[in-house]
Amino acid sequence: MSREAADLDSESADQPAPDTGSPEALGRWSGTDVDGRTMVKAGLSKTRTGCIGCRLRRKKCDERRPTCSGCQRNVLVCTWVEDVPDGAAQKLLTRKTRKENSHSVRSASFSTSTPARTPGEGLDCPVSQSWTSNPLEISIDQYVSATLHLQALFQFQHNLLRNPKSRILFDHYLHRTNKTVARCCGETNTFIMQLLPITMSHDLVFHSLLALSGFHFHYTSGTPVGETTLIHYGQAIQAQKFGITFLLSGGNEDTVVPLLITSLILCIVESTRGDAGDVAIRHLKGARSLLQSALRLPESQLDQETRAFLIERYAYTIVLANISMGEESDSWVLHDVAQLFPLMKSSYTGTLGSGTIGCVHELCRLIPTVSSLAMKRQKEESLGIESWETISTFLSLYTTIKKWESVCTDEFYTLCGKIYQHTLLVYLASSFERYEQQANNDVFYGSEYSPLVGLAFSNFIPLLDSVPVDSPMSSTLCWPLVVFGSCAKLAEHRELVRARLLAMSSVIGMGNARETCSLLDILWSSGDYSQANPLSIEPIMKKEKMTVMFL
């Protein structure tokens with residue numbers, strides 16, 4: 001285990017992640033006024049026996065364990081003196097109560113800049129030596145130079161990096177996390193070049209970014225999630241809650257973009273955790289409303305590059321989340337796809353050609369259409385009918401997907417496009433495939449669509465084997481694997497999918513890959529071949545009370 005992993009592993013890992021979606025978690029804001037100043041109510045003196053959070057906020061603590069009412073109401077990590085290493089709690093309380101180090105969530109949410117400091121001032125440990133190497137392993141000198149400059153700028157100027165463990169998380173983001181989530185096709189990594197300058201100006205975004213890096217760090221290192229990660233996560237949720245409330249009450253529109261970016265990052269956070277897909281869906285629905293507001297902003301408030309990044313990231317998320325959200329999401333997902341993908345196509349030769357979706361944006365656009373047709377076919381089959389309109393739409397979609405060709409010159413991303421192409425083909429064909437089962441349980445295929453499913457599998461397997469598990473492109477494979485896994489009937493196909501998902505979980509830190517494997521195991525154990533299609537995933541999640549995002 002590396003020294004950084006050991007440092008973070010030494011944190012308290014017993015604190016539960018804050019509940020971000022319950023009504024209790026959306027309680028009223030307390031602790032700061034609209035100007036970000038600490039409020040102390042008359043008659044509520046600072047407690048000396050309560051949790052550390054209440055003592056730092058000078059609030060009366062009811063001392064309920066493991067989480068007091070105040071921390072639960074304000075979505076904070078509730079920590080007790082005895083849970084912190086000897087002397088660390090007193091040092092924290094002494095340092096954090098100083099006026100010059102106080103940092104309210106109000107200012108964290110909407111600060112436009114962080115005061116600069118002399119290099120080295122306020123740092124508790126030296127700069128990580130790994131920062132002197134090429135963090136992105138790219139041969140473009142200008143890109144590397146700009147990235148190293150951003151590293152130094154953040155290291156010495158940002159208030160949140162005074163904590164050595166937060167600096168470790170930021171270092172991990174620069175070296176690993178950004179490449180896992182970006183899935184870039186081209187020279188520009190938008191999660192570096194677009195996101196980091198915005199992060200520098202908004203502590204709300206920075207908290208969510210460090211939380212993302214923290215969860216990813218702990219999953220890749222195999223250590224428990226540490227307190228520093230949970231603190232950044234709790235601060236991001238708390239500031240996000242207040243920011244949206246402030247905006248809805250007529251607040252400044254300058255807050256729309258950081259709130260939107262934070263919502264999208266939190267979707268990735270919950271997906272990385274693996275078992276919080278329902279919370280991710282709530283963040284995604286919030287991002288939808290924020291994006292509608294953001295697209296109305298003038299270019300002086302939202303430049304074209306950031307606009308393109310936000311459109312593409314949101315579009316990518318909704319098309320892959322459609323399978324998790326079920327039929328009730330089809331109408332608004334189809335509406336958003338119709339509105340946003342033409343904007344992406346018109347900008348394809350620019351920023352959007354190098355972003356999250358890259359060269360497969362035309363295939364991604366078809367995902368909700370295929371899902372909607374599959375749902376329609378399922379309803380018709382339950383009624384014993386097969387309309388010509390449905391068959392015609394199937395033939396049209398199948399031909400369109402089959403004729404797709406990549407316009408990307410990058411070999412690996414062309415390979416990714418082919419994987420998505422065959423995933424859509426098997427999704428489409430499996431939804432029309434029918435089975436008849438004899439008394440002796442021997443299954444035979446009585447459908448003309450069965451050979452299409454088999455053909456998709458025969459093409460998919462060699463493509464999957466061509467992608468190294470440790471490749472950044474592996475992070476795009478969760479959705480194709482759940483689709484093929486749900487259609488797999490042969491033991492060797494199921495084992496192939498299971499092995500890849502477990503490898504992705506351990507090697508690149510994807511908690512959703514681990515949960516996807518568990519979900520497929522439940523489906524496979526049923527032995528019902530009539531359920532061998534992607535439409536079976538959402539009902540199983542409802543039955544098992546689990547929601548997985550396949551991002």
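**Entry 1. Phe460 and the ring pairs.** I started at Phe460, which is buried at a relative accessible area of 2%. Here buried means under 20% relative accessible area, exposed means over 50%, and partly exposed is in between, with a 1.4 Å probe and protein chains only. I note that this is a predicted model: local features need pLDDT of at least 70, side-chain atom pairs count only at pLDDT 80 or more, and totals for chains, interfaces and linings use all residues. Residues are numbered from 1 along each chain as its sequence is written, and side-chain values use heavy atoms, with hydrogens and water left out.

Next I listed ring pairs. A pair of aromatic rings is described by the distance of the centres and the angle of the planes. I took rings of Phe, Tyr and Trp (its six-membered ring) as paired if their centres lie within 6.5 Å; planes under 30 degrees apart are stacked, over 60 edge-to-face, and the rest tilted. The structure has ten aromatic pairs. Among them is Phe457 with Phe484, edge-to-face, at 5.0 Å centre to centre and 85° between the planes. Phe457 sits in helix H19 (residues 450–465) and Phe484 in helix H20 (residues 478–487), so this pair ties together parts 27 residues apart in sequence.

Phe457 is buried at 6% relative accessible area. Phe484 is buried at 0%. Phe484 also pairs with Phe460; this pair is stacked, at 3.7 Å centre to centre and 10° between the planes. Phe460 is in H19 and Phe484 in H20, 24 residues apart, and the pair links distant parts of the chain. Elsewhere, ring pairs join Phe394, Tyr398 and Phe432 into a cluster.

**Entry 2. Whole chain.** I counted 23 helices and two strands. Of the 551 residues in the chain, 56% are buried. I then looked at contacts, meaning heavy atoms within 4.5 Å. Of those with a separation of 6 or more, 72% are between residues 24 or more positions apart. The chain exposes about 23,600 Å², and carbon and sulfur atoms supply 53% of it. I took accessible areas from the Shrake-Rupley method with a 1.4 Å probe; for residues, only the protein chains shown count as cover.

Entry 3. I compared spans with the expected value, which is 1.5 Å times one less than the number of residues. Helix H7 (residues 164–182) has 19 residues and should span 27 Å; its end C-alpha atoms are 25 Å apart, which agrees. I found a bend of about 55° in H7 at Tyr173. The bend is the angle between axes fitted to the seven residues ending there and the seven starting there. In H7, 15 of the 19 residues are buried, so the helix is largely enclosed by the rest of the structure. At the start of H7, a side-chain oxygen of Asn163 comes to within 2.9 Å of the backbone nitrogen of Lys165.

Helix H18 (residues 411–432) has 22 residues. From first C-alpha to last, H18 reaches 33 Å, close to the expected 32 Å. I found H18 mostly covered, with 19 of its 22 residues buried.

Entry 4. Ser263 lies in helix H12 (residues 256–273). It is buried, at 2% relative accessibility. A polar contact of 2.5 Å joins the side chains of Ser263 and Gln240. Such a contact is a pair of N or O atoms within 3.5 Å; within protein, one must be able to donate a hydrogen and the other to accept it, and residues adjacent in sequence count only if both atoms are side-chain atoms. Leaving aside neighbours within four places in sequence, Ser263 is in contact with Gln240, His283, Ala287 and Leu290.

Glu328 lies in the loop between helix H14 (304–325) and helix H15 (330–346). Glu328 is exposed, at 53% relative accessibility. With neighbours within four places in sequence left aside, Glu328 is in contact with Glu538 and Lys542.

**Entry 5. Positive phi.** Most residues other than glycine have a negative phi. I noted two residues with a positive value. Glu63 has phi near 60°. Glu63 lies in the loop between helix H2 (52–56) and helix H3 (69–73). At 37% relative accessibility, Glu63 is partly exposed. Lys545 has a positive phi of about 55°. Lys545 lies in the segment after helix H23 (537–544). At 78% relative accessibility, Lys545 is exposed.

How values were computed. Helix = DSSP H or I, 4+ residues; strand = E, 2+ residues; numbered from the N terminus.
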